[in-house]
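Please keep the sequence and the 3D view open while reading.

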Amino acid sequence: MRMWLMLAVVGAIVLPSQGAKAQEQKMKLDLFSGLSLNLRDINYERQYDVLINLTPGFRWKMGNHFELCGQAIVPLVNQYNYQSAKVRPRILALSKEMKVGPLCAKISGGFFSFDRYGVDLKAFLPVCDWFAFEGRFGCTGYYSLVDGWDMSPMGRLTGFVGGNIYIKRWKTQLRGLVGRFVYEDYGLECEGMRHFRHSTVGVYGSWNNYDKFNAGFRITAMLPPFKRRDRFLTIRPASCFNLSYAVEYHDYTNKLYTTDPEANIREGAFSRDILEWGFQAEKPDFEIVK
């Protein structure tokens, strides 16, 4: 029943988009890699457990706002656990962006972070130049390649609804959402972000039905080169470095999988030619040169 419901939602979004005006995109392939640094303070024998991963990936823009992206995890330093020592895929997803009237939508299918696979739908609806609604709905299952192939049925529903306020004068974004998360917990989160020239700093507070209150901060720093050649194949470093900190460490609450290997709080989920709202309407970090 859940599968048929998801297919109906996908059809309702994709079919109207055929008549919607969309800007053609050039076909482009980006190969990139970054580093993931993880620290946790739950071990009495040392100050921090350290996990450092190499994260090679690719992004193939196929035209007409179709995109195939992927990323793998290659552990370099591991003090976490046995599972974290394995080379494994993290994301392999096919996505389609579309715009129907003022509504922006993005549907993705494939393998996502947090060992999830399935279908994901994002929507963003600007109401005016300073306020917008957003929502997300996903139907996923569990998969693992750590010790052979292991999968569960695709039947877990996750998602949220929320609102955004953008204060252009200070390049500040306020965001609030309430929803059901990856591990079947539910809660809410409020976040304030200040955008600078090539970085974004955010603070957040959250509530969850299991672990109650938590808080922390997130930082996204965009990485040079900020000028990119207009060509089919580009080999580059990862677009950004993400840093997050939480007052209380929790593995299984308030988690949302990602469908994009370079997801961050600064750029959002949509291309700039699909969504021009808030910080998406400001000067981009990366300039395409001839």
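Val 203 is a residue of strand 12, which spans residues 199-208. The model is a predicted one, and in it Val 203 is exposed, with a relative accessible area of 52%.

Val 203 belongs to a nonpolar patch on the surface, which it forms with Phe 217, Phe 241, Leu 243, Tyr 245 and Val 247, and these residues together have about 540 Å² of accessible area. Strand 16, made up of residues 240-246, gives the largest share of this patch, namely three residues.

## Salt bridges between parts of the chain

Across the whole structure, 15 salt bridges are found. In one of them the side chains of Arg 175 and Glu 134 meet, with an N to O distance of 2.6 Å. Because Arg 175 sits in strand 10 (residues 172-180) and Glu 134 in strand 7, this pair ties together parts that are 41 residues apart in sequence. Arg 175 is partly exposed at a relative accessible area of 23%, whereas Glu 134, at 15% relative accessibility, counts as buried.

A further salt bridge joins the side chains of Glu 184 and Arg 156, at 3.7 Å from N to O. Glu 184 lies in the loop between strand 10 and strand 11 (186-195), while Arg 156 is in strand 9 (residues 156-167), so the pair links parts that are 28 residues apart in sequence. Glu 184 counts as partly exposed at 40% relative accessibility, and Arg 156 is partly exposed with a relative accessible area of 23%.

The side chains of Glu 189 and Arg 218 also meet in a salt bridge, here at 3.1 Å from N to O. Since Glu 189 belongs to strand 11 and Arg 218 to strand 13 (residues 212-222), the two tie together parts that are 29 residues apart in sequence. Both Glu 189 and Arg 218 are buried. Elsewhere, a network of salt bridges links Asp 30, Arg 59, Glu 67, Arg 236, Asp 260 and Glu 262.

## The cavity

The structure holds one cavity of 30 Å³ or more, and the space in the largest cavity is about 40 Å³. Its lining consists of Arg 88, Pro 89, Asp 115, Tyr 143, Ser 144, Leu 145 and Val 146. Strand 4 (88-100) and strand 7 (131-144) are the elements that give two or more residues to this lining. Sorted by class, the lining of the largest cavity has four nonpolar, one polar and two charged residues.

Terms used. Residues numbered from 1 in each chain as written. Predicted model: local features only at pLDDT ≥ 70, side-chain atom pairs only at ≥ 80, totals over all residues. Heavy atoms only, no water. 1 Å grid on protein atoms, 1.4 Å probe; cavity = no way out; pocket = protein on both sides within 12 Å on 5 of 7 lines; lining within 4 Å. Points joined across faces, edges and corners; volume = space filled by probe spheres on them. Helix = DSSP H or I, 4+ residues; strand = E, 2+ residues; numbered from the N terminus. Nonpolar A, V, L, I, M, F, W, Y, C, P; charged D, E, K, R; others polar. Patch = residues over 30% accessible without salt bridge, like charges linked within 9 Å, V, L, I, M, F, W, Y side chains within 5 Å. Areas by Shrake-Rupley, 256 points an atom, 1.4 Å probe, with all protein chains shown as cover. Salt bridge = Lys/Arg side-chain N within 4 Å of Asp/Glu carboxyl O. Buried < 20%, exposed > 50% of the residue type's maximum accessible area, 1.4 Å probe, protein only.
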